[in-house]
Amino acid sequence: MQTVPNHQVDNLQIEDDRTGLSVECLKRAFLDNLFYVQGKFPKIATKNDYYMALAYTVRDRLLQRWINTAVIYTDRASRTVSYLSAEFLMGPHLGNNLVNLGIYDQVKQAVSELGLDLEDLLEQEEEPGLGNGGLGRLAACYLDSMATLEIPSLGYGIRYEFGIFDQDIRDGWQVEITDKWLHCGNPWEIARPEWAIYVRLGGHTEAYTDERGRYRVRWIPFQVIKGVPHDTPLLGYKTNTANTLRLWTAEAPESFDFAAFNSGDYLGAVQEKMVSENLSKVLYPNDDSSQGKRLRLAQQIFFVSCSLQDMIRIVFGQNVPLEKFHEKFVVQLNDTHPAIAVAELMRLLIDEHDMGWDQAWSITQKSLAYTNHTLLPEALERWPISLFGELLPRHLEIIYEINYHFLEEVKAKFPADSDRLRRMSLIDESGEKYVRMAHLACVGSHSINGVAALHTKLLQQDVLRDFYQMYPEKFNNKTNGVTPRRFIVLSNPRLTNLISSKIGDNWVKNLKDLKHLEAFVDDPEFCSQWRSIKSAIKQDLVAYIQKQNGITVNPDSIFDIQAKRFHEYKRQHLNALHIITLYNRIKANPDIDITPRTFIFGGKAAPGYYMAKLIIKLINSIGDVVNNDPDVRDRLKVVFLKNYSVKFAQRVYPAADLSEQISMAGKEASGTGNMKFALNGALTIGTLDGANVEIREEVGEENFFIFGLTAPEVYALKARGYRPLDYYHSNRELKAVIDRIASGHFSHGDTKLFKPLLDSLLYRDEYLLFADYQAYIDCQDYVSQVYRDRDRWTRMSILNVARMGKFSSDRSIHDYCQDIWNIQSVPIELGECIQAKE
Ligand code: Z15
């Protein structure tokens with residue numbers, strides 16, 4: 001590297017304009033970037049130009065911290081967490097960076113002095129929607145917490161050109177539109193083509209004997225893909241730590257030396273080049289269900305291999321011997337999507353770096369840790385052996401060998417138990433053969449964790465029972481958490497200011513401090529401020545709904561919100577049954593005294609998930625009728641807010657009175673929306689599922705609306721033989737609701753439209769809506785009654801927030817550090833070490 005002459009670094013004017021945080025300096029830097037980066041001046045600049053100029057201004061401030069951090073991590077060869085995830089649902093960067101830099105107010109003033117509105121500019125940002133839902137957002141919260149806790153970390157994933165689709169609603173149906181999040185450029189990332197990495201696919205293997213007489217395997221691929229890293233700095237809250245999110249883009253290797261891989265089929269290989277770019281083209285839009293597509297497996301090996309090779313490059317670059325890989329890196333697998341890492345790390349160590357099997361296996365197990373996120377059988381990834389072997393012939397051999405050693409171990413621990421061997425094998429041989437990715441992840445990791453206490457318990461008792469019996473010491477729970485920076489400070493400034501005015505602002509880094517709010521729960525002045533803030537935020541959402549949906553909403557009604565992916569197990573249709581129940585009561589008795597409610601829904605359905613899309617259609621159809629029925633007056637409104645995203649979630653959580661967390665018990669691994677709502681002062685109506693159990697434990701059962709069957713009751717009912725028709729025939733209100741839908745009342749007389757949904761409820765009802773219906777309705781009636789006592793409701797709301805401290809992702813990350821990663825923080829000083837070195 002070239003040495004930068006000192007007089008350049010010492011040029012204070014330049015230095016200050018790129019790092020200074022004063023209003024004057026920010027203004028100067030902003031105009032400078034508008035001119036020199038965007039190539040515009042105020043008279044002709046668009047809003048997007050201003051957004052870009054501001055983004056570059058903020059990025060300059062990040063870069064100083066980022067480079068400092070990198071220098072210190074490199075010098076000290078710091079132990080590092082490598083978080084492998086197929087999804088990172090980051091949300092907009094600008095606002096979050098302003099919060100974490102602590103310059104939100106300065107920047108607001110700076111742009112306002114230039115005649116601009118910060119909120120307006122924040123709106124401009126196209127968020128990187130590189131995830132589906134909870135799993136991707138959790139990864140983003142964890143990166144924020146790792147930076148805030150000063151934990152050296154790298155997030156590794158795929159830079160999808162098309163993220164999650166944009167959702168439009170036409171005639172009540174979901175319509176998918178491609179998301180071109182990169183169309184205006186991405187000011188937050190820096191491409192690093194000089195660190196490109198090559199990944200092989202397909203072809204065959206050959207055995208040979210090396211010069212030392214050892215048995216070796218050579219893999220001759222059919223295709224080679226180039227991965228180019230794109231790095232985004234992620235700054236912690238009020239720290240100087242800026243970690244890296246490194247996302248890989250697939251490219252064709254322009255001038256790849258195929259001879260080196262002994263490829264005979266040149267033209268075939270050249271043709272495959274065109275296919276290369278497809279690898280990072282699009283995010284698979286399924287949450288919690290696996291499709292088993294070849295391209296998806298190719299995406300997985302692509303980003304996992306790039307990332308592991310990158311880590312090995314870093315290990316060598318810091319003069320750490322490869323035998324100490326596991327001391328330099330701990331690799332967290334976010335679900336089974338990166339589980340191929342088990343076989344790929346083995347391959348790299350053995351085939352590429354000459355290591356023996358036993359040592360490679362020991363390093364692999366010590367390095368890897370696996371987080372399971374689901375109990376749904378359809379989400380457990382399995383790859384047909386034929387497909388797997390075609391794409392990854394060498395990995396299949398390695399998996400067979402891991403399986404051989406593993407099954408020997410099982411036999412030793414559980415002699416003469418062939419059924420157990422069959423159940424635990426990495427290969428499912430019950431019919432067509434499959435590789436079981438969850439089993440591979442369990443065997444190849446030193447830690448296996450669930451994401452809420454109940455979920456971990458159910459993994460141990462059910463889904464991963466055999467593995468729990470085999471390796472009880474590997475299992476642990478890490479209840480999910482969310483970052484209070486994005487989901488309170490940034491999204492709810494009014495509540496943030498009120499809280500900080502009473503208890504100071506330590507709670508932002510130390511969420512348990514919210515406890516101190518309890519001291520004010522009997523202070524009428526505080527309670528009235530609390531209430532008027534919620535009211536003002538609701539008013540904002542009313543305006544948004546008026547603009548977006550053209551629906552006039554009563555701001556004094558209960559804002560009853562269910563925002564999450566559409567899935568039958570999440571039971572948005574149970575919510576719909578409640579709406580129709582109230583509607584029927586009004587139709588039967590138009591003067592009935594009902595607590596006014598606004599039902600708000602947000603969420604996408606997987607494009608191929610017909611039933612989920614039909615549920616969206618049902619909700620919109622109910623809305624069309626209910627919102628326009630003069631009998632209803634302004635007592636009920638149904639609003640479907642389209643295109644739910646992180647940006648949008650930030651607007652919705654703060655406005656909620658009631659949070660719907662009504663999954664069938666035993667199906668939602670944790671949930672994280674439940675936490676974001678409660679942190680913003682919503683009360684929860686929920687089942688004893690996922691993290692709801694722990695939220696209720698924390699906030700107190702008197703401050704939580706619980707209903708429905710528990711997980712053991714669900715299993716027992718199903719074992720007895722569940723008959724939904726019995727409930728239909730014996731429950732008058734339920735029957736009236738179903739009959740109302742069946743009659744075509746919400747479908748202009750069309751009695752066929754919702755028949756598939758009704759049939760699935762009447763004759764299967766896999767998620768026990770009918771069994772939980774009456775309990776849900778009773779609980780909702782109780783909610784309506786409590787809401788009328790506004791002082792009581794406010795008190796419950798305050799106590800919810802005061803007692804939510806456990807659910808900070810800082811707590812989750814702290815526990816991962818202690819129990820799984822064995823890693824310490826590395827504080828970063830902002831020194832003068834940013835000069836380029838020899
Ligand atoms: C996903 O979003 C979740 C689990 C999965 O297996 C997949 Cl593929 C996607 C969710 C869980 O459904 C949710 O309960 C949990 O809170 C979230 O992951 C984060 O752990």
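The axes of helix α3 (residues 23–36) and helix α6 (residues 104–113) come within 9 Å and cross at roughly 55 degrees. That angle makes α3 oblique to α6, because angles under 35 degrees count as roughly parallel, over 145 as roughly antiparallel, 65 to 115 as roughly perpendicular and the rest as oblique. Axes are lines fitted to C-alpha atoms, for helices over the stretch in contact, and angles run from 0 to 180 degrees between N-to-C directions. Helices (H or I, at least four residues) and strands (E, at least two) are DSSP runs, numbered from the N terminus.

This is a predicted model: local features need pLDDT of at least 70, side-chain atom pairs count only at pLDDT 80 or more, and totals for chains, interfaces and linings use all residues. Residues are numbered from 1 along each chain as its sequence is written.

On the α3 side, the contact with α6 is made by Val 23, Leu 26, Lys 27 and Phe 30; α6 contributes Gln 106, Val 107, Gln 109, Ala 110 and Glu 113. Two residues are in contact if their C-beta atoms, placed from the backbone, lie within 7 Å.

Elsewhere, three strands form an open sheet in the order β15-β17-β16, with antiparallel pairing. Two strands pair if DSSP finds at least two bridges between them. The edge strands each pair on one side only:

| Edge strand | Residues |
|---|---|
| β15 | 382–384 |
| β16 | 427–428 |

Three bridges join β15 to β17 (residues 434–436), and Arg 382 has Arg 436 of β17 as its bridge partner. Helix α17 (residues 437–444) packs on the sheet, touching β15 and β17, and its direction makes about 40 degrees with that of β17.
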